[in-house]
Amino acid sequence: DFCLSRGLGDVYKRQGQDIFPLRFIIDSPLHLIHSFDEGICSVKINFRVFNSSPFSSLSVNFEALPPGKQIPDTKETTLSSDYFWSGVTSQLFPKLLPFTELSFDVTACFSRSGVYNIN
């Protein structure tokens, strides 16, 4: 058995004002049962991105970093290398219009049981 963490993100909010009006929801199963004797477990994960600005379009660049790769300008790294992303892991959405939402799927592959934070 293993569990995935999922969440709702608000990027850059200050005193109730939107500095950058990007919202996202990560939707995935919370609990799965899989026999790893049969191989890796592939899980479809849905990302929904919403532009809450009434005035501005946004450009959205999604990139699923491989485990262990350092995020630019930080010293944080992924804590576990027991999963990887499969399929299309980088997508550019050049124009997300005001008050619109986009949705896309990526696949996470897990090599052993555990609890994983995919945020």
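Mean pLDDT, the predictor's per-residue confidence from 0 to 100, is 77 for the protein, and 71% of its residues reach 70 or more. This is a predicted model, in which local features need pLDDT of at least 70, side-chain atom pairs count only at pLDDT 80 or more, and totals for chains, interfaces and linings use all residues. Residues are numbered from 1 along each chain as its sequence is written, and side-chain values use heavy atoms, with hydrogens and water left out.

**Stop 1: colour by confidence**

Strands (E, at least two residues) are DSSP runs numbered from the N terminus. Next select residues 1-15: pLDDT stays under 50 there, and the model has 58 contacts for this stretch beyond four places in sequence. A contact means heavy atoms within 4.5 Å. Where pLDDT is low, the predicted coordinates should not be read in detail.

**Stop 2: the nonpolar core**

Select Ile45, Phe47, Val49, Trp85, Phe104 and Val106, the residues with the most contacts inside the largest nonpolar core, which has 22 residues. Strand 5 (22-27), strand 7, strand 8, strand 9 (83-86), strand 10 and strand 11 each give two or more residues to this core. Such a core is a set of buried Ala, Val, Leu, Ile, Met, Phe, Trp, Tyr and Cys residues joined through side-chain atoms within 4.5 Å. Buried means under 20% relative accessible area, exposed over 50%, and partly exposed in between (1.4 Å probe, protein chains only). In soluble globular proteins, nonpolar side chains tend to be buried together.

Now centre on Trp85. Leaving aside neighbours within four places in sequence, Trp85 is in contact with Ile45, Ala64, Leu65, Val106, Thr107 and Ala108.

**Stop 3: aromatic rings**

The structure has 9 aromatic pairs. Rings of Phe, Tyr and Trp (its six-membered ring) pair if their centres lie within 6.5 Å; planes under 30 degrees apart count as stacked, over 60 as edge-to-face and the rest as tilted. Select Phe47 and Phe62, a tilted pair at 4.9 Å centre to centre with 55° between the planes. Phe47 lies in strand 7 and Phe62 in strand 8 (residues 58-63), so the pair ties together parts 15 residues apart in sequence. Both Phe47 and Phe62 are buried. For an edge-to-face pair, select Tyr83 and Trp85: 6.1 Å centre to centre, 90° between the planes. Tyr83 and Trp85 are both buried. Then show Phe47, Phe62, Phe93 and Phe104 together, which form one aromatic cluster.

**Stop 4: charged pairs**

How many salt bridges does a search of the whole structure find? The search finds 2, with a salt bridge taken as a side-chain nitrogen of Lys or Arg within 4 Å of a carboxyl oxygen of Asp or Glu.

Select Asp105 and Lys44, whose side chains meet in a salt bridge at 3.8 Å, N to O. Asp105 lies in strand 11 (residues 101-110) and Lys44 in strand 7 (residues 41-51), so this pair ties together parts 61 residues apart in sequence. Asp105 is partly exposed, with a relative accessible area of 37%, while Lys44 is exposed at 57%.

Then select Arg48 and Glu101, which meet in a salt bridge at 3.4 Å, N to O. This pair links distant parts of the chain, with Arg48 in strand 7 and Glu101 in strand 11, 53 residues apart. Arg48 is partly exposed at 30%, and Glu101 is partly exposed at 47%.

**Stop 5: Phe99**

Finish at Phe99, in the loop between strand 10 (90-96) and strand 11. Phi of Phe99 is near 55°, a positive value in a residue other than glycine. Phe99 is exposed, with a relative accessible area of 52%.

Technical notes. Helices (H or I, at least four residues) and strands (E, at least two) are DSSP runs, numbered from the N terminus.
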